[in-house]
Amino acid sequence: MVSRIYRVHVFDGAYEVLHKRTLTYQLDLEGPGVDGAPGRLLQALTRLAGPTENEPMDAPRLEIRDARPGTTVLDWNGA
């Protein structure tokens with residue numbers, strides 16, 4: 001199993017937060033440990049976005065996109 005580098009985008013509803021930053025994450029989306037990874041990543045970025053972006057983050061959502069073409073490979077809201 002090969003891990004790849006993905007671009008990460010965090011949204012509060014439809015509004016992208018932390019958009020002034022380029023966030024990347026190395027992840028193996030087919031590996032057995034992927035189950036909790038999006039949740040942990042979303043939780044960490046939500047904590048960062050609160051004070052940094054002054055966002056309450058009522059409806060956090062995470063998009064993981066392929067770094068080169070920008071295609072969304074995972075759209076995750078924690079549900």
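**Entry 1: a facing pair**

I started with Leu62, which stands opposite Trp76 in β5. I looked up the rule behind such partners: two strands pair if DSSP finds at least two bridges between them. Strands here are DSSP runs of E with at least two residues, helices are runs of H or I with at least four residues, and both are numbered from the N terminus.

Before going on, I noted that this is a predicted model, in which local features need pLDDT of at least 70, side-chain atom pairs count only at pLDDT 80 or more, and totals for chains, interfaces and linings use all residues. Residues are numbered from 1 along each chain as its sequence is written, and side-chain values use heavy atoms, with hydrogens and water left out.

**Entry 2: β4 and its neighbours**

I followed β4 along both of its pairings. With strand β5 (residues 72-76), β4 pairs in the antiparallel sense over four bridges. The hairpin of β4 and β5 has five residues between the strands, and there I found Gly70 with a positive phi near 85°.

Strand β1 (residues 4-12) is also antiparallel to β4, and seven bridges join the two. In this pairing I found His9 opposite Glu63 of β4.

Is β4 mostly covered or mostly open? I found that five of the seven residues in β4 (residues 60-66) are buried. Buried means under 20% relative accessible area, exposed means over 50%, and partly exposed lies in between (1.4 Å probe, protein chains only).

**Entry 3: Asp66**

I then picked out Asp66, which has its place in strand β4. Asp66 is buried, with a relative accessible area of 15%. Leaving out residues up to four places away in sequence, I listed what Asp66 touches: Arg4, Tyr6, Thr71 and Val73. A contact here means heavy atoms within 4.5 Å.

**Entry 4: a charged network**

How many salt bridges does the structure hold? I read off four. A salt bridge is a side-chain nitrogen of Lys or Arg within 4 Å of a carboxyl oxygen of Asp or Glu.

I looked at Arg61 next. Its side chain meets that of Glu63 in a salt bridge of 2.9 Å, N to O. Arg61 also forms a salt bridge with Asp75, with the closest N and O atoms 3.0 Å apart. Arg61 lies in strand β4 and Asp75 in strand β5, so this pair ties together parts that are 14 residues apart in sequence.

I checked how covered these residues are. Arg61 is buried at a relative accessible area of 19%, while Asp75 is partly exposed at 47%. Glu63 is buried, with a relative accessible area of 9%.

Glu63 has another partner: the side chains of Arg65 and Glu63 meet in a salt bridge of 2.6 Å, N to O. Through shared partners, salt bridges join Arg61, Glu63, Arg65 and Asp75 into one network.

**Entry 5: the helix**

I turned to helix α1 (residues 37-53), which has 17 residues. From its first C-alpha to its last, α1 reaches 23 Å, close to the 24 Å expected at 1.5 Å a residue; the expected span is 1.5 Å times one less than the number of residues.

Which residues of α1 are buried? I noted Ala37, Pro38, Leu41, Leu42, Leu45, Ala49 and Glu53. Seen down the axis of α1, these buried residues fall within an arc of 110°, so they line one face of the helix. The arc is that of the directions from the helix axis to the C-beta atoms. On the other side of α1, I found Arg40, Arg47 and Pro51 exposed.

I also asked what covers the buried residues of α1: the list includes β1, β2 (15-17), β3 (23-27), β4 and β5.

**Entry 6: Leu18**

I noticed that Leu18 has a positive phi of about 60° although it is not a glycine. Leu18 has its place in the loop between β2 and β3, and it is buried, with a relative accessible area of 2%.

**Entry 7: stepping back**

Last, I looked at the whole chain. I counted one helix and five strands, running β-β-β-α-β-β from the N terminus on. The C-alpha atoms fill a box of roughly 40 × 25 × 20 Å along the principal axes. Buried residues make up 34% of the 79 residues.
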